Amino acid sequence: MEKEKTFLGQPRGLSTLFFTEMWERFSYYGMRAILVYFMYDAVTNGGLGLPKGTAVAIMSIYGSLVYMSSIVGGWVSDRLLGSNKSVFYGGILIMFGHIVLATPLGIPALFVSMMLIVIGTGLLKSNVSGMVGHLYSKDDVRRDAGFSIFYMGINIGGLLAPIIVGILGQNVNYHLGFSVAAIGMFIGLVQYYVQGKTTLKSVATAPTNPLTASEKKTFFRNIVIVLVVLAAIFGGAAAAGYLSVDFFINCISILGIFLPIYYFTKMLRSKDVTADEKKKVLAYIPLFLSAIVFWSLEEQGSSILALFAADRTQASLFGITIPASLYQTLNPLFVVLLTPVFVWLWTKLGDRQPRTEVKFAIGLILAGLSFVLLMFPSMMFGVDQRVSPLWLVFSFLIMIAGEMCLSPVGLSVTTKLAPKAFEAQTLAIWLLADASSQAINAQIARFYTPQTEGAYYGIVGGIAVVVGIILFMARKPIRKLIGNIH
């Protein structure tokens with residue numbers, strides 16, 4: 001056990017997964033820091049010239065599909081490849097997605113890139129988090145601290161990305177920025193392959209619930225059925241003249257709500273899930289719903305708050321000119337700064353730290369307050385006057401304090417409550433909360449206009465605060481279902 005403590009007191013494999021996820025997030029958040037500006041910037045400036053509203057909606061749906069694909073990645077891991085191989089193949093697809101986006105081929109390149117990155121992230125994202133859980137026994141007291149350290153790796157990549165990719169993309173050339181994102185993923189792949197041979201050689205190398213011969217036949221039959229249904233839906237919409245961006249957004253929004261219902265029903269009815277595991281799935285549902293509300297606010301950092309940064313904040317702070325894409329560093333910067341504080345806090349408190357459901361409630365309330373804060377600039381100064389960037393800075397700070405209470409803890413509790421037969425898929429369901437939130441964002445973002453700015457932030461933030469209070473009041477029945485897991 002002492003030999004294991006070679007990476008900040010954690011198992012050695014955490015180092016490999018830490019840097020793999022760091023570089024994957026560098027590539028993803030680098031692309032994301034400039035994507036919305038690339039989509040609505042003029043063609044003469046190297047952009048695609050799309051309307052701002054369309055660009056924001058595509059950003060939300062893109063994010064939703066990225067996390068929705070984690071369900072597919074979890075299934076592939078559980079039934080076909082195992083998490084170890086899934087992570088590697090996913091990284092390869094992500095790298096090629098960024099390479100395609102770096103080409104000057106316009107809107108076709110955007111959608112091909114989206115497809116590759118969506119599938120690749122689905123394979124990598126859910127499985128790399130699950131592999132962290134494999135490094136610990138379920139009663140290992142280092143577990144939450146380990147996930148917090150892993151979470152810091154995510155955000156170091158997210159912190160570096162807007163600085164490097166964002167500045168290159170906005171000030172030099174968008175395609176150069178996307179090329180740097182591809183290089184970041186390549187570095188992550190090399191590190192994972194070389195270091196993982198030693199540190200992860202026995203971790204999640206085989207599927208936990210492999211397909212039988214008869215199940216393989218059913219699987220391929222269902223794939224054909226799904227393709228036929230999709231062809232019928234979109235072909236019919238095209239024939240009727242309804243095929244549009246809004247139609248696609250609405251379809252994804254419906255799917256984002258349907259998938260969690262389907263998967264929770266499947267787990268609760270499965271013969272492979274024990275009675276005790278089903279109780280823990282029931283306990284997980286309110287945490288999952290709370291996470292949807294939280295991520296709905298947090299993910300607007302790259303869409304609604306990106307517009308606020310570009311259109312509503314002053315161009316400089318303390319005499320320093322700040323490109324709009326640089327505000328995307330605030331999220332990971334505060335995560336990196338606050339993670340050591342929360343790792344120390346949870347470790348110091350040990351068994352006395354707040355239970356998971358209470359941490360979730362605190363996180364939700366803080367997220368809501370971060371939006372309520374942004375209600376005041378329009379009330380105090382109107383919507384035509386640019387305001388101090390400090391409003392945005394403090395909003396991100398409050399949001400990330402809430403994220404520290406919910407996100408790494410959510411990853412940890414998911415690995416604890418996951419049924420054995422749905423291990424990787426349950427991690428994918430955790431990521432599906434993000435997918436559902438962004439599908440919802442694609443619908444509610446249309447209510448954000450300069451005239452409704454204050455009401456938008458007040459209502460959305462107020463809903464999160466109320467949900468957090470309700471979750472806190474329901475903590476006892478949730479704890480009874482969770483049992484002795486802490």
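Analyst: Start with the second largest cavity, which holds about 100 Å³ of space. A cavity is a set of points, on a 1 Å grid over the protein atoms alone, where a 1.4 Å probe fits but cannot get out. Grid points are joined across faces, edges and corners, and the volume is the space filled by probe spheres set on the points. The model is predicted, so local features need pLDDT of at least 70 and side-chain atom pairs pLDDT of 80 or more, while totals for chains, interfaces and linings use all residues. Residues are numbered from 1 along each chain as its sequence is written, and side-chain values use heavy atoms, leaving out hydrogens and water.

Lining residues have an atom within 4 Å of a point. Helices α1, α2 (52-68) and α16 each give two or more residues to this lining. Helices here are DSSP runs of H or I with at least four residues, strands are E runs of at least two, and both are numbered from the N terminus. By class, the lining of the second largest cavity has five nonpolar, six polar and two charged residues. Nonpolar covers Ala, Val, Leu, Ile, Met, Phe, Trp, Tyr, Cys and Pro; charged covers Asp, Glu, Lys and Arg; the others, Gly among them, are polar.

How many cavities of 30 Å³ or more are there? The count is three. Helix α6 gives the largest share, five residues. The lining of the largest cavity divides into twelve nonpolar, eight polar and seven charged residues.

Next, follow α1. T20 sits in this helix. T20 is buried, because its relative accessible area is 2%. Buried means under 20% relative accessible area, exposed means over 50%, and partly exposed lies in between (1.4 Å probe, protein chains only). Leaving aside neighbours within four places in sequence, T20 is in contact (heavy atoms within 4.5 Å) with V87, G188, Q191 and Y192. With Q191, the side chain of T20 also makes a polar contact of 2.9 Å. A polar contact is a pair of N or O atoms within 3.5 Å; within protein, one must be able to donate a hydrogen and the other to accept it, and residues adjacent in sequence count only if both atoms are side-chain atoms.

Move on to α16, where I429 is found. Its relative accessible area is 0%, so I429 is buried. Among the residues that I429 touches beyond four places in sequence are I71, Y263, F264 and F288. I429 and L259 are 170 residues apart along the chain, yet their C-alpha atoms are separated by 8.8 Å.

Helix α11 (residues 304-311) is largely enclosed by the rest of the structure, because six of its eight residues are buried. These are I304, L305, A306, L307, F308 and A309. Their cover includes α1, α2, α15 and α17 (453-473).

What about the nonpolar core? A nonpolar core is a set of buried Ala, Val, Leu, Ile, Met, Phe, Trp, Tyr and Cys residues joined through side-chain atoms within 4.5 Å. The largest one has 131 residues, and L17, L35, M39, F178, W430 and Y457 touch the most other members. Helix α15 (residues 390-417) supplies the largest share of this core, 14 residues. M39 has contacts beyond four places in sequence, including L48, L50, I58, M59 and L110.

Finally, compare two places. T329 lies in the loop between β2 (320-321) and α12 (330-349). T329 counts as buried because its relative accessible area is 9%. A polar atom of the T329 side chain lies 2.6 Å from the backbone oxygen of L326. T329 also touches L159, P162 and I163. N171 is in helix α6. With a relative accessible area of 53%, N171 is exposed.

Key
1 Å grid on protein atoms, 1.4 Å probe; cavity = no way out; pocket = protein on both sides within 12 Å on 5 of 7 lines; lining within 4 Å.
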